[in-house]
Amino acid sequence: MMIRKGLLSLLMFTVVFTSVVAFGNAPATASEDKEAKVDKYFNLSNVEEIVVKFKDGVNLSYEDGVERELASKKDRELSGTFSEFPDLKVNRLFTIFDKQSKAKQDKAKAVFQNYFTIPVPKGADAQKLLESLNRSELVDEAYPKLEAVEPTLASNTTPVQPSNDPNYSFQGYANAAAQGINAPYAWQYEGGDGKGISYYDIERGWALNHEDLVAHSVPFLAGGTNQSTSANHGTAVLGVISSVDNTIGNIGLASKAQPHAASYVRGGFTNIAETIILAADDLDPGDVILLEVQVSGNAAGWLPVETWEAEYDAIRYAVSQGITVVEAAGNGTVNLDTYQSYSGKYVLNRTSPDYQDSGAIMVGAGSDTVPHTRMYFSNYGNRIDAFGWGTGVHTLAAVDTTSTTGYQSSFNGTSSASPIVTAAAISLQGIAKAEYGVTYPPYQLRDLLRNTTYNTPSSNPATDQIGYLPNLKNIIDNLPAPIIDTTAPSQPANLTSPSKTSTSISLDWDASTDNVGVDHYEILRNTVLIATTASTSFTDTGLTPSTAYTYTVKAVDAANNKSLPSSLYISTDSGNTVTIYYKKGFSTPYIHYRPAGGTWTTAPGAAMPESELAGYAKYTVNIGAATSLEAVFNNGSGTWDNNGGSNYMFGTGTSTFKNGTITSGTPVTNTVTIYYKHGFSTPYIHWRPEGGTWTTAPGQVMPNSEIAGYSKITLAVESASRAEVCFNNGSGTWDSNGGSNYFFNLGTSTFDSGTITTGTP
């Protein structure tokens, strides 16, 4: 066989082919900023849920109901959001993870614990809520959970009964180039029919007992719902790849591969990312996931699923495990080069610094005629890697999940294109596994299918921008050995901190090099992994002032080889502090505050504890680099003192607040210190500065003193020269000197059985 000679030669002289990409124009200047109208494509009034990805380092517990914990992060935008929506709930997106298992999670899955969902409160403005979340410094990306459907244009066609003659003659997409992918050329080689490879089709419904599928005994991923309304779509997709090689119906392009079905409708809700994670964990390196789904979002048409951030990270996870992911580009007629995420980033444009590479093979739709042209509905752009037939695809059909027969000749959209490219990927993995004992890493397989020399171009690649139609003969005739990458990237050099504050540290380093390519960098704080990034900079926030931290950066390639670490020991700046003595207007005062220009605490704020001076509460705030503190006071139950709406401003250092007036320094006041010989086992003191205002009965508990048998308290009597006092047990028994009360002079006095003496006991 010809392949043997070629492959054996390549075992000795391994050639790695790098794809050549025809890039389109650079993105146009954005006409709107990050807070642009998020409802310009979809009416968000009916949105019921928002997905939020928090930044690395926010470190929320991964459990439902973390809104109180999130509120404690003191982010201004979120504080305002919680104030406006006090019933807001913040729940985890992935039910397969929880707080208890967090420490045991694979580091590759750590990113998924940054994802939460927020149900939109009844009557709330979803657009306003979304914009507020995206303004938060703690939020990486917030986006509405919109509709997700299979990327097909046509409605289900009427199934036909199979004839006695095979339908292979109708499957032009299997033919030799330039018409098809030349599947028969691959079939003649071991593994070229998909043998030894498993794959998951992720969508909503299938007829798994169809006569041309039943022999596969297709496993169904537990926890999903097989929806009858989508059975035709899923059955058609499986038919392109896996129709059994028998005497009836069609022949799958990779008929010996083992298909699996996974519905992303789980527990009655759409959770595509969770489905991807579970499918990846059920496969082996070299296997394949097909994403037969398109989603709505920040564009006028359907989008690829990776535009949802959680799904993007789930795809990256699957690829990091050696799983090839094939993703429909979607039928939205959207130029992906100019698409912007809800945070204003050009995440699908390879020429943009915002570009996010999920690692998936993205598939556009071309015509079934030669030369192939982009179908009018197909999304396009330099992100798309390959195309398949987007019209006229003959495959299986189904009325519902119980159908056992049915065929159709007009399956179309990126739905029909994606299984064609998936089958090509499976065939190449099967051949590699048979010939070399190992499969291609996902990035190498994608390069083969993107290769402009081997594969069939569209009529005008520069304007069609849907990639290339796989040509299995050309690829196989020039087949390289799989790259077994054991070389780690170089150590990140020149790790520095270009800037820092009392609560944040920025890091910067030189790019590492690698024999294949650096995939990302790991950032560790005090030996704990806190983030991964594809860039060469990172800012860690929410830190403690005047605290030393050790940061470590490692470069990681696609094969998970890690470089030597680079480390930096650095301290946050010392923050400014504000200390407030509060003369009690509220018996249990709360302070609601923010560093000037910063983020408010969550109402009602923090309770102010008793100070060392009776009658005063005391609270200290580290305000970082700010130079003043803006504050209001309340009783914790809705009664406020906000200076008539103007709030109070406190400078750094110590201030005293009394009756709406702020003075610098600690309270200037006369004091009376009383040692009380126990008459009551737990004595309370009810008092006032002579001629002043009484405490609220029963007064204050008198703490034990340094002298056994005595309690002790110091009273701030302001400008008075005496304190008027009576004692009680806190339960209604009083000693008020026969109704005349007791009077204590300034300084220290001892009270013993009704007698007052000057000095300590």
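Helix axes are lines fitted to C-alpha atoms over the stretch in contact, and the angle between two of them runs from 0 to 180 degrees between N-to-C directions. In this predicted model, the axes of helix H7 (residues 272-281) and helix H8 (residues 309-320) come within 8 Å and cross at roughly 5°. Angles under 35 degrees count as roughly parallel, and H7 and H8 are therefore roughly parallel to each other. H7 contributes Ile272, Ala273, Ile276, Ile277, Ala280 and Asp281 to the contact, and H8 contributes Ala310, Glu311, Ala314, Ile315, Tyr317 and Ala318. Of the residues in the contact of H7 with H8, 10 are nonpolar, two are charged and none is polar.

Side chains of opposite charge can pair when their charged atoms come close. The whole structure contains 30 salt bridges. One of them joins Lys53 and Asp313, with an N to O distance of 2.8 Å. Lys53 lies in strand E1 (residues 49-54) and Asp313 in helix H8, 260 residues apart. Both residues of the Lys53 and Asp313 pair are buried. A salt bridge also forms between Asp140 and Lys345, whose closest N and O atoms are 3.8 Å apart. Asp140 belongs to strand E4 (residues 139-144) and Lys345 to the loop between strands E13 (324-328) and E14 (361-366), so this pair ties together parts that are 205 residues apart in sequence. Asp140 is partly exposed, at 23% relative accessibility, and Lys345 is partly exposed at 28%. A network of salt bridges links Lys53, Asp140, Glu309, Asp313 and Lys345.

Gln429 lies in helix H9 (residues 414-436) and counts as buried, at 0% relative accessibility.

Methods:
Residues numbered from 1 in each chain as written. Predicted model: local features only at pLDDT ≥ 70, side-chain atom pairs only at ≥ 80, totals over all residues. Heavy atoms only, no water. Helix = DSSP H or I, 4+ residues; strand = E, 2+ residues; numbered from the N terminus. Parallel < 35°, antiparallel > 145°, perpendicular 65-115°, else oblique. Contact = heavy atoms within 4.5 Å. Nonpolar A, V, L, I, M, F, W, Y, C, P; charged D, E, K, R; others polar. Buried < 20%, exposed > 50% of the residue type's maximum accessible area, 1.4 Å probe, protein only. Salt bridge = Lys/Arg side-chain N within 4 Å of Asp/Glu carboxyl O.
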